[in-house]
Amino acid sequence: WGTLGHDTVAFIAQSFLSNKTASFAKTLLNDSSDAYLANVATWADSYRYTTEGAFSAPLHYIDALDDPPTSCDVDFERDCPEEGCIVSAIANYTSRITPSNISVAERQKALKWVIHFLGDIHQPLHVENLEIGGNGINVTFDGVATNLHHIWDSNMPEKLIGGYSLEDARTWSGELVAEIQSGKYANASSTWLNGMDRNDPVASAMVWAQDANSYVCTTVVPQGQGAVEGKELEGEYYDAAIPVIQQQIAKAGVRLAAWLNLIVEGKTSPG
Ligand code: ADE
Ligand code: ZN
Ligand code: ZN
């Protein structure tokens, strides 16, 4: 996701953190403001472009070698290479947030990574190989030449909300939190924590990856890559994508909060 998506995921998560987790995060991040998670949600995207952080670029995705639109699936052994992927990165950095033998600076970075990667693993094209996660599929959106990955990360969320500022993210998060608590996600959201096991972070992250990857076949390229290549996707394509984007951002926020609560409170599974 772009800035709007990541900041919105972080604001949603802030709404569902326990008091204990919220104060833990504010202390470790050294930020007592009302945007303590959102303020660090895109740090990982700046860091990946630094010399020091170049190693982390492949950690933002897992390149599922599935066969959309015929079949969609992610396989950890097949798709996560030796150098790591978003699933192994979530497991690794999850284990580096609380131990007292790890420096505060490293634990702070680990928390920032988990906040970011829980967002990215919900973007269908971050759990899909097809033409480098859709970066190689040229499309236009509102007449502007771009690619399929970019419209899912940024153009479509920004068209929906009308901007990408921190305040836009706060507004969107408020709408989605209301849907989670008593609106269109009230029933479904109780199932969003299924499969979450603090003792098996790889299996937990694979549940999220499989879930997001399934939308590649139903919504991202339901008629195959040829049906979107070179096309203008504002219109019917956008209308079909928006409900998936909204739901994936909502899920990411709910799961991020629950995951951080497990980490900080030393629990195994939610509820
Ligand atoms: N680079 C290679 N695969 C990618 C993906 N799935 N998402 C983003 N960047 C990528
Ligand atoms: Zn992306
Ligand atoms: Zn990212």
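Tutor: Gladly. This is a predicted model. We begin with His122, which sits in the loop between helix 6 and helix 7 (130-133).

Student: Is His122 buried or exposed?
Tutor: The cut-off for burial is under 20% relative accessible area. His122 has a relative accessible area of 0%, so His122 is buried.

Student: Now the metal. What are the protein donors of the zinc ion (ligand 3)?
Tutor: Their spacing in sequence is H-x55-H-x3-D. They lie 2.0 to 2.2 Å from the zinc ion (ligand 3). The donors are His60 (ND1), His116 (NE2) and Asp120 (OD).

Student: How many residues apart in sequence are the parts that His60 and Asp120 tie together?
Tutor: His60 lies in the loop between helix 3 (43-47) and helix 4 (76-79). Asp120 belongs to helix 6 (residues 104-120). Both His60 and Asp120 are buried. The pair therefore ties together parts that lie apart in sequence by 60 residues.

Student: What distance separates the zinc ion (ligand 3) from the zinc ion (ligand 2)?
Tutor: Take the two ions as a pair. The separation between zinc ion (ligand 3) and zinc ion (ligand 2) is 5.6 Å.

Student: How much of the accessible area of ligand 1 does the protein cover?
Tutor: Residues around ligand 1 include Tyr61, Ile132 and His149. A side-chain N or O atom of Asp63 is 2.8 Å from a nitrogen atom of ligand 1. Backbone N or O atoms of Leu125 and Glu128 each lie 3.0 Å from a nitrogen atom of ligand 1. Of the 260 Å² that ligand 1 has on its own, the protein covers 88%.

Student: Last, the largest nonpolar core. Which helix gives the most to this core?
Tutor: This core has 87 residues, and Leu37, Leu148, Trp152, Met156 and Tyr237 touch the most other members. Tyr237 has contacts that include Leu148, Trp152 and Met156. The top contribution is 17 residues, from helix 11 (residues 236-265).

Notes
Residues numbered from 1 in each chain as written. Chains lettered and ligands numbered in written order. Predicted model: local features only at pLDDT ≥ 70, side-chain atom pairs only at ≥ 80, totals over all residues. Heavy atoms only, no water. Donors = N, O, S within 2.8 Å, 3.2 Å for Na, K, Ca; no water. Helix = DSSP H or I, 4+ residues; strand = E, 2+ residues; numbered from the N terminus. Buried < 20%, exposed > 50% of the residue type's maximum accessible area, 1.4 Å probe, protein only. Core = buried A, V, L, I, M, F, W, Y, C linked by side-chain atoms within 4.5 Å. Contact = heavy atoms within 4.5 Å. Near = heavy atom within 4 Å. Polar contact = N/O pair within 3.5 Å; in protein donor to acceptor, adjacent residues only side chain to side chain. Areas by Shrake-Rupley, 256 points an atom, 1.4 Å probe, with all protein chains shown as cover. Lists of a residue's contacts leave out its neighbours within four places in sequence.
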